[in-house]
Amino acid sequence: MRERGLSSSSFEIISNPQDFRRSIICARREGDRWDKPDCIDGTCGICGNYQLWNICPDTEAEDSQVGIEHHITFDDYQTITYLNNKGEEKTKKDFIKRTLTPFEFISQLQSYSKTFQLHHKLALNQDRAWLDAKAEVASGDGTVSIITDYSENYVTKAHREIQQKYYTSNSVSLFVAVMFVHVDWVLCNSATGMNEGLREELKEHFLKSKQPPVLRYDHIGLTDDPEKSAASVIRNFTEIYDWMDRNLKQQPNAKGYKHRLSLFNDGCKAQYKNSNIFWHISTLWKNRGINASQEFFCSCHGKGECDSTGGTIK
C-alpha cells in the first residue's frame, strides 16, 4: 500500500458481514425491506457475476507475483474427521487456520459469497418472522408465541467435594421456553399471579409507556438426559400445553380450536427438526385443540430470549 501511495483513508475498510454484503450487491430502493431476488441468486445484470467486487489488479491473476508477506491467514469453516472416546470415526464442523495467496483467498471468498447471501437472507427472514409473531400477540387475537432452546449443560458441584467426586460429576440440561401472551388472555389465578385489578394496572402502564400489552412467562425444564432427545422435547412441550389449558383463556368455539400457538426454535435435528417433532406438532389440533405452527431459526442464528434466562437459572 505504501509503495502505491495508498493509505487506509484511500478506500473503505469493510469490518463486518453486513457492510461486506451491502458492498457486493445492488442497494435497496427507498422503502424496500428486501433485496431483489436477482441480487440474491447472482443473476442480476448489475451486481451478478461479481461485477461490484473491487479487486486490486495485482491479485486478479492466478500467477500474480505477490510476496509471502502479503498472503492471507484466516479461519476456514470445514468438515473434519475425529475419533470419539470409543475409537469411532466421527465428523464435525470446525474452524481450521489456513494461509492462501490473495488470488486463492478471493476466489474462495467469491465461491462462498452466493451461499452467504442466501444464508443471510434466510437469517433475516426468520428474525423478522419472530418479530412479527410477537407483534401478532400484541394484536390481541389470542395468539401465543413461544421460543425454546436448551441451555448449555450445568455441571452440579458440592461446595466441598472430594477429588473422586470430580470424576463422577453429573450434568443437568436446562430446557428454556419463553412465552409471550396478551395481558387480556391470562386467567386470574395463583399460578399466573393475575387479578382484575392488576390487569387494569398493567394495561394502564403499557399505555403510558407506549409498550405492547404483552406479558412474558418463562418455563424451565430440568433433565439429566444427556442426549436432549425428541422425547425430552415433547415432554417439555406437553408441560407447556397443560399450563396453557389451566391458565389462558380459550378461543371461541366457532374457530374450532382452543389456542393459537407459534413455536420458534433452532434447527437442531436431534431436538426439533426431526420426524418425531413434526408428527407431534401435526397431532396437536386433534389431541389438544391447538392450532400450532413451528419455525426454525437459520443455523448459527438461534440466539434469543432463552439465552439470558438460561444463564440466570444456572
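The charged end of K273 sits over the ring of F296, 5.1 Å from the ring centre. This is a predicted model.

Take F237 and Y241 as one of them. Their ring centres are 6.3 Å apart, and their planes meet at 45°, so the pair is tilted. The cut-offs make this plain: planes under 30 degrees apart would be stacked, and planes over 60 would be edge-to-face. Both residues belong to helix α6, which covers residues 230–247. F237 and Y241 are 4 residues apart there, about one turn of the helix.

Are these two residues buried or exposed? F237 has 1% relative accessibility, so F237 counts as buried. Y241 has 2% relative accessibility and counts as buried too. The pair also belongs to a wider group. Ring pairs link F237 and Y241 with Y150, F175 and Y272 into a cluster.

Now the wider fold. The protein has 9 helices and 7 strands. Of its 314 residues, 34% are buried. Contacts can be sorted by separation along the sequence. Among those between residues at least 6 apart, 68% join residues at least 24 apart.

Helix packing comes next. Two packed helices are described by the angle between their axes and the distance between the axes. Helix α1 spans residues 17–24, and helix α3 spans residues 102–138. They pack at an angle of about 105°, with their axes 11 Å apart. The two helices are therefore roughly perpendicular to each other. On the α1 side, the contact is made by P17, Q18, F20, R21 and I24. On the α3 side, L109, S113, F116, Q117 and H120 take part. By residue class, this contact divides into 5 nonpolar, 4 polar and 1 charged.

Most residues other than glycine have a negative phi. N49 has a relative accessible area of 64%, so N49 is exposed. Y50 has 34%, so Y50 is partly exposed.

How far apart are the C-alpha atoms of I68 and L100? They are separated by 9.2 Å, while the two residues are 32 apart along the chain.

The last stop is helix α9, residues 305–313, where D307 is found. D307 has 29% relative accessibility and therefore counts as partly exposed. Between D307 and V178 there are 129 residues of separation along the chain. The C-alpha atoms of D307 and V178 are separated by 10.0 Å.

Methods:
Residues numbered from 1 in each chain as written. Predicted model: local features only at pLDDT ≥ 70, side-chain atom pairs only at ≥ 80, totals over all residues. Heavy atoms only, no water. Phe/Tyr/Trp six-rings, centres within 6.5 Å; stacked < 30°, edge-to-face > 60°. Buried < 20%, exposed > 50% of the residue type's maximum accessible area, 1.4 Å probe, protein only. Lys NZ or Arg CZ within 6 Å of the ring centre and 35° of its normal. Axes fitted to C-alpha atoms, helices over the stretch in contact; angles between N-to-C directions. Parallel < 35°, antiparallel > 145°, perpendicular 65-115°, else oblique. Contact = heavy atoms within 4.5 Å. Nonpolar A, V, L, I, M, F, W, Y, C, P; charged D, E, K, R; others polar.
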